[in-house]
Amino acid sequence: MVHWLQEETGGLLTLCAVSIAVLLFLIIKVKLEPFIALLVSGLALALVAGLSVEEIVGTALSSKESVLEKGFGGLLGHIAPIVGLGTILGAILERSGGADVLTRRLLSVAGERGAPLAMGLAGLIFGIPVFFDVGIFVLAPLVYITARRGGRSLVLYAMPLLAGLSMTHAFLPPHPGAVAVAGLLEVPLGWLIIFGLICGIPAFLVAGVAWGAWIGKRVFVEVPDEYVVAEKEKAKKDAEPEPEPSLALVGLIIAVPLVLILLATFSTVWWEDSPALPTLTFIGNPVVALTLAVLLAMYLLGIRRGISTAELSDLAAKSLRPIGMILLVIGGGAFFGAVVSATGVGKALAGTMSDAGLPVIVLAYLIACGLRVAQGSATVAIVTTGGIVAPLVKAEDYADPHIALIAIAISAGSIIASHVNDGGFWIISRYFNMSVRDTIKTWTVLETILSIVGFAMAAGLSIFI
């Protein structure tokens with residue numbers, strides 16, 4: 001029995017399935033923090049699969065080569081500075097009033113009839129540098145005011161905004177999930193940005209614009225008086241409002257890191273022999289590009305507009321506090337994936353898939369969907385799925401564009417069917433005055449459409465790339 005579990009394909013696949021079931025049980029039933037659950041499940045799998053103690057945790061003198069340290073630390077070394085810098089950039093844009101400037105300009109251009117689309121574009125653009133929940137907190141008051149003025153359902157304006165925020169959060173760097181899956185599958189972020197936009201924008205249009213317009217006419221949710229009153233009171237307290245940044249400046253700062261990363265990615269093909277290649281590679285490194293964007297934002301949106309360096313430092317410190325657990329969960333997921341790889345489950349799964357003829361991109365999506373529905377966390381779904389399919393991706397020797405599409409498929413699966421076990425579900429229910437039933441009818445369906453269309457785009461493109 002032990003030999004079968006540790007050596008045979010059926011036994012290894014059974015071990016992998018049981019370890020995932022244990023992980024879900026600890027998160028869902030025991031209510032254990034996902035980071036701890038990932039560590040416990042990974043360690044248990046490693047021991048049962050027959051890995052030696054030295055392989056798992058190293059020796060008393062050194063653990064540098066252990067699965068625990070290499071799996072946990074290797075990925076965090078890649079993503080921690082990117083996520084941290086992206087968080088600080090979003091906080092500065094929020095503090096400077098950049099979101100208000102962007103949304104009001106879009107509304108003025110779109111007019112009353114185009115207001116839902118304008119809210120969606122605001123979520124799409126502002127969602128690039130800020131976390132999903134932060135985007136809701138900042139932009140929700142503008143949705144309230146727009147819905148009140150238009151006299152229509154809050155749902156009509158909220159759905160496009162949420163689709164834009166969710167798409168960027170799932171598919172694009174510097175968000176944790178996108179960066180994590182890029183690290184796990186070892187694909188350049190430039191390719192992830194390109195295909196994230198190619199697959200994500202159609203998904204946003206179908207889920208946010210088309211579905212949002214349809215459901216917004218059928219589910220009527222009023223804007224409570226206290227929502228708008230609270231915003232008015234907040235405005236009254238600002239006795240001396242700060243001058244707002246220009247729309248061009250906000251757009252420039254958001255675009256800088258994306259453009260630099262893309263230039264570095266494609267310069268290796270376009271300008272392989274150019275003397276400018278080392279410079280482009282350096283400034284296009286995600287950490288360097290985001291550092292430059294943060295420094296620009298600090299000066300142009302902060303110091304030049306009267307915000308002291310002490311306040312900017314305090315703002316950065318406060319913005320970084322919430323990401324600690326996110327990074328730990330990602331590290332725990334990377335360790336779990338490293339154990340899966342070390343046990344040989346990945347090779348066994350690759351052989352089974354070859355026999356079944358199931359494409360890696362389909363398997364990746366289905367695993368991510370199952371994990372998302374079962375335990376609610378998109379981040380856990382991404383890092384666990386990424387760890388499981390990484391050996392399969394390496395075995396097939398795919399080109400970077402194809403790997404990026406597999407990463408998009410994982411990200412798409414990680415957002416499907418948001419329901420009561422997802423913290424985002426309750427944030428949306430609270431902020432947009434919806435009952436549980438209405439939130440399921442609107443938000444849960446939106447996320448499912450966003451997931452399916454995003455995956456369909458990725459799967460379709462993978463046939464030709």
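Q: Contact means heavy atoms within 4.5 Å. Leaving out residues up to four places away in sequence, which residues does Ile-136 touch?
A: First, some ground rules: in this predicted model, local features need pLDDT of at least 70 and side-chain atom pairs count only at pLDDT 80 or more, while totals for chains, interfaces and linings use all residues. Residues are numbered from 1 along each chain as its sequence is written, and side-chain values use heavy atoms, without hydrogens and water. With that settled, the residues that Ile-136 touches are Leu-162, Leu-165, Ile-427, Ile-428, Tyr-431 and Phe-432.

Q: Which residues touch the most other members of the largest nonpolar core?
A: A nonpolar core is a set of buried Ala, Val, Leu, Ile, Met, Phe, Trp, Tyr and Cys residues joined through side-chain atoms within 4.5 Å. Buried means under 20% relative accessible area, exposed over 50%, and partly exposed in between (1.4 Å probe, protein chains only). Out of 153 core residues, those touching the most other members are Ile-136, Leu-185, Ile-410 and Phe-432.

Q: Which helix gives this core its largest share?
A: Helices (H or I, at least four residues) and strands (E, at least two) are DSSP runs, numbered from the N terminus. The chain has 23 helices and zero strands. The core's largest share is 13 residues, and they come from helix α9.

Q: What radius of gyration does the chain have?
A: This value is taken over C-alpha atoms, and the globule rule is 2.2 Å times the number of residues to the power 0.38. For 465 residues, a compact globule would come out near 23 Å. The chain agrees, because its own value is 23 Å.

Q: How many residues apart are Glu-186 and Lys-394?
A: A salt bridge is a side-chain nitrogen of Lys or Arg within 4 Å of a carboxyl oxygen of Asp or Glu. Glu-186 and Lys-394 meet in one, at 3.7 Å from N to O. Glu-186 sits in the loop between α10 and α11 and Lys-394 in helix α20, so the pair links distant parts of the chain; the separation in residues is 208.

Q: Are Glu-447 and Arg-372 buried or exposed?
A: These two form a salt bridge, with their closest N and O atoms 3.7 Å apart. Glu-447 belongs to helix α23 and Arg-372 to helix α19, 75 residues apart. Together with Asp-422, they are linked in a network of salt bridges. Both Glu-447 and Arg-372 are buried.
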